[in-house]
Amino acid sequence: MAKDTAGLPPYFNIDPDVALAEIGTPTGTAGFAAIAAACTQGRADLASRGLNEAGRKQLRLFSTWEITRYLIPVAQAHFRRVLKQNPDLPQGTSETAGGAKWFTLDEVLKLRAHFAAQGSKAKNYRPYRPEGLPAKLVAVANFKGGVGKTSTAAHLAMSAALDGYKVLVIDLDSQGSMTSIFGGTVEDEWQTAFPLLARHYGEHLRADNQRRLDRGEAPQPLDEALTEALDIRAQDLIQTTHWPNIDLIGAQLNLYWAEFQVPVWRMAARGWKLWDALTDRLEEDGVLDDYDLVFIDTPPALGYLTINGLAAADILLVPLGASFLEFDSTGRFFDMLHSTFASIEDGENVAARALGRPEMGFEWDAVRAVITRYDAAQQGELSALMQAYLGQTLSPHRQDFTALIGQAGEQVSGIYEADYRDFNRETYARGRETFDATYAAFKRLLLGIWRREELAAQQAEAAQ
Ligand SMILES: Nc1ncnc2c1ncn2[C@@H]1O[C@H](COP(=O)(O)OP(=O)(O)OP(=O)(O)O)[C@@H](O)[C@H]1O
Ligand SMILES: [Mg+2]
């Protein structure tokens, strides 16, 4: 640094000739390809560190301490006694002779099943899921970027899996962050949720063509891609992950294509109910019977994919930070939700009214805003104000900012994948506590909703 600039702010005394020497040549379109290739190489390098031999992510092990503290609520001595009495149960492995025992999540699930079958009924080893009712779909959405949608959805999926639920995660964001977190591999848009939308449209067109033929009109052509989509089931798109009870429908950049294709289809067939596509297909393919919970991560936009995800959802979670800008833009997001869904309803109901048919309306079991990355020292007042205006819509738990998130590398995504031995125990306990509490608030909502449906089903049965 030249001596005459000492003490001045860094933007004074910049020599244009020095600046010129630093800038390199202008960038053309091909320059983006070169930058993208460099990122891909760096990503592959990161991804290759700490993966197992098959090149896939591997979930860490769980210690007796963690299991009895967080997953199966029994005293450690009792836990050890039960294992000793049942040599067929997983016994865990230890790094040193006589050292602490560690278990895979698969083994933890087996142990939980054993305790649930043999242990005290009052302990609720297995989470509540009313029999015969479908899985609950949870969409996490906000028009604003970077508010914690993916982090919240991923942590809830992991908490629910640790709690014993069977979880499907659907990534509707072509950024594919959720897919990376769960180590998914997606070649192109045909391995994302896109073919489910294509099939829904293809089936609509086919039914429409039947009506045309019946009227003696020429059918609309089904192109090759649509014909192929007619044979794709949700199960063909679902991949397993390094979590034994979390599966994934992944995303990658090409999924963005849906935002162009869907409106073209809709123009060609005005009667196609595009917003029902995801729900209908998941239902028809039995996905809602195979899982307990389906978490849908959406992009920071209110496009067709997000509309599909939101329309499919039973529970809508809207994460936002306790800052003026995020509160402001989240308010506008709700405004957009209102106008978008109201205009769909209006469009549908004009015809319904004319034909004397019942009108349609969207409904969500619950809609909750969730404060994320909360800093009690700075944001108490703003949060209290948000609470005052949003009332029950704002989830009572504020998810704290924690250093445990976002610092981990490619291999470890968030608190539940991190090994507590890598952190100060206090830091770990606090970080975990805030995400456990986020899950607890969500689970109260879920159980209340399921219970409401269970009672309604029982009443309906009794009335017969
Ligand atoms: N509780 C938290 N504490 C600390 N950092 C957090 C927390 N939640 C999220 N973050 C960080 O905030 C950033 C944005 O989070 P995330 O990717 O989940 O947001 P998003 O809404 O999904 O973003 P996008 O709109 O791009 O999809 C990430 O770097 C994430 O690690
Ligand atoms: Mg995201």
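Biologist: The charged end of Lys166 sits over which ring?

Modeller: This is a predicted model, where local features need pLDDT of at least 70, side-chain atom pairs count only at pLDDT 80 or more, and totals for chains, interfaces and linings use all residues. Residues are numbered from 1 along each chain as written, chains are lettered from A and ligands numbered from 1 in written order, and side-chain values use heavy atoms, without hydrogens and water. A charge sits over a ring if NZ of Lys or CZ of Arg is within 6 Å of the ring centre and within 35 degrees of the ring normal. The charged end of Lys166 lies 4.6 Å from the ring centre of Tyr291.

Biologist: How many aromatic pairs does a search of the whole structure find?

Modeller: Rings of Phe, Tyr and Trp (its six-membered ring) pair if their centres lie within 6.5 Å; planes under 30 degrees apart are stacked, over 60 edge-to-face, the rest tilted. The search of the whole structure gives 22.

Biologist: What is the angle between the planes of Trp190 and Phe194?

Modeller: Their centres are 5.5 Å apart. The pair is edge-to-face, at 80 degrees.

Biologist: Is Phe194 buried or exposed?

Modeller: Buried means under 20% relative accessible area, exposed over 50%, partly exposed in between (1.4 Å probe, protein chains only). Trp190, at 25%, counts as partly exposed. Phe194 has 3%, so Phe194 is buried.

Biologist: Arg69 has its charged end over which ring?

Modeller: The distance to the ring centre is 4.7 Å. One aromatic cluster includes Trp65, Trp102 and this ring's residue. The ring belongs to Tyr70.
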